[in-house]
Amino acid sequence: MKLIIAFAIFSLQCAVAFAQTTDTASRNTGTTLTPVIIRLNFQPEKKYQCSFPVRDVEVMIANGDTTRLGFVQTGVNNKLREARPDRPLQQYIHDYIQDTYKEQYKSEAPHLLIVIKYFRIGERTGIGREKAFVRLKADAFRSDDNMSYQLACTFDTVLERKGADVTKRFSQYIGESINLLMAAADKQSVASRKYPREEIVKRELRLYDAPAYNMENYKDGVYLTYNEFINNAPSITAFKPLFEANWAKIYALNRDSSSTTLIPAPWGMCYKGQLYLYAQRNLIPFSRDGRAFIFRQYLRTEDRNKAVALASAAKAGLVGLAAPNPMFSQNIMNVTDIPHIEGILPEATTIDPFSGKLMF
């Protein structure tokens, strides 16, 4: 009996270790996996019945990442693979809404404009189950003439779904999130202020006018806030990063460089041209990919290899070639800023463009 119990405990420990792989390098290294294509089911099991129909629905994309939906896990080793739509993102969402809701359109009703501000999926595996996550953030506007618009709703939700092989069910989960958006936009009363179309476009894309989205070279320095990073305006330019006792630390150098002061909670830094986010006592290298900032260990294999080389060079300047641990992290970071999610948390792969926090 003792032998059976011991074997059971050993098996459980192995299962935990297997399910909770702690670094992305072990799941990615040496792989060049083709993306997973997520197609939407245009005949969902349930669809929202609008109380106040619209004439048509236009979709505008203000999403930073327009090429990928996120990352999913495949195979027995939970290899990470990019998830992509089967058509351009604007058409992807518009076609779903059109095919799902066109029977409810009324010619005398107002137009509906939906602006997609953030759209992302993620997947995480635990013991004996998987979790799928979908985040959809959008604004919806109504218009009688396609010239002036009134705000109908602001929408931001994260769906959490559990099950086996959730990768194959993302079509359903994405459809659910779009249906929730349509329900939120279905309002009789709208904001009284009217916006010309040009102002809406400018307003929804204003985020990407920031310097960080329009440059290749960033100033070396420490960003105390996300706003400093977005504006490429580090407030501390004399600094020294170190890796001590499994803890990445950044010190500000005093004027004569004879002494240092620990910066307790920086947002991040640019060191020798490489960007880092500071989170959970780790420095996470990231890069801009289009209009999104992606943690470098999640980029394509060839880009990830470049990231390792860059970070290794930075490591040499930080702690010396003989140091056993790099100062940059390849560990899985959790998205902790979604209060309603308990247990297995989403895996952070990018930066929330609105807050600068970890996001999937």
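1. The count of salt bridges comes to 22. The model is a predicted one.

2. Start with R68 and E82. Their side chains meet in a salt bridge, N to O at 3.2 Å. The pair links distant parts of the chain, 14 residues apart. R68 sits in the loop between β2 (56–61) and β3 (70–74). E82 belongs to strand β4 (residues 79–85). Both R68 and E82 are buried.

3. Next, R87 and D95. The closest N and O atoms of this salt bridge are 2.8 Å apart. The burial classes of the partners need a word. R87 has 24% relative accessibility, so it counts as partly exposed. D95 has 17%, so it counts as buried; the cut-off for buried is under 20%.

4. Then D352 and R135. This salt bridge has its closest N and O atoms 2.9 Å apart. D352 lies in the loop between β17 (350–351) and β18 (358–359), and R135 lies in strand β6 (residues 130–143), so the pair ties together parts 217 residues apart in sequence. D352 is buried, at a relative accessible area of 6%. R135 is buried too, at 5% relative accessibility.

5. Last, the network. Salt bridges with shared partners join D65, R68, E82, R84, R120 and D289 into one network. The R68 and E82 of point 2 are therefore among its members, as salt bridges that share partners define the group.

Terms used:
Residues numbered from 1 in each chain as written. Predicted model: local features only at pLDDT ≥ 70, side-chain atom pairs only at ≥ 80, totals over all residues. Heavy atoms only, no water. Salt bridge = Lys/Arg side-chain N within 4 Å of Asp/Glu carboxyl O. Helix = DSSP H or I, 4+ residues; strand = E, 2+ residues; numbered from the N terminus. Buried < 20%, exposed > 50% of the residue type's maximum accessible area, 1.4 Å probe, protein only.
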